[in-house]
Amino acid sequence: RTCRTILEAVVSTQSTGESGLILPGVTRQSVLDLTRKWGEFKVTERMLTMPEFIESANNNRILEVFGCGTACMVAPIDSILFEGNDINVPTMDCGAPLSKRLFHELTAIQTGVVDHEWSVSIHS
């Protein structure tokens, strides 16, 4: 598979209230806020069914998948096991550029490398 320029991209996540499985965490909200702020992606929160995900994967419409949370921050995912079948996604084919960008941006904010409204400098 070759890497390609993303001309139209969507960052999508399940909404927190629909399934009860997605927690309204700080890291998840930070990812949503950053990607919206960048203005490079359509960012949506909606129910994504497994049949829809599988169809999108089979039609090469999924470029990258990642999980996020307090412990892992942002973790690239290259396959999902569903009903005994591996659904491969090309996350690592091009080096997980969105996952890496989010990880580095969030880490830079957390550690004070970049000034950001989310962090407050404390001087002793």
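**A friendly note on this predicted model**

1. Buried residues, meaning those under 20% relative accessible area with a 1.4 Å probe on protein chains only, make up 29% of the 124 residues in the protein chain. This is a predicted model, in which local features need pLDDT of at least 70 and side-chain atom pairs count only at pLDDT 80 or more, while totals for chains, interfaces and linings use all residues. Residues are numbered from 1 along each chain as its sequence is written, and side-chain values use heavy atoms, leaving out hydrogens and water.

2. The protein chain has 4 helices and 6 strands; these are DSSP runs numbered from the N terminus, with helices (H or I) of at least four residues and strands (E) of at least two. Along the sequence, the pattern reads β-α-α-β-α-β-β-β-β-α.

3. Now for the aromatic residues. The structure holds 1 aromatic pair, where pairing asks for ring centres within 6.5 Å, using the six-membered ring of Trp. W38 and F41 form this pair, 6.4 Å centre to centre with 55° between the planes. That counts as tilted, since planes under 30 degrees apart are stacked and over 60 edge-to-face. Both W38 and F41 are buried.

4. Lastly, contacts, meaning heavy atoms within 4.5 Å. Among those in the protein chain between residues at least 6 apart in sequence, 61% join residues at least 24 apart.

Definitions and conventions
Buried means under 20% relative accessible area, exposed over 50%, partly exposed in between (1.4 Å probe, protein chains only).
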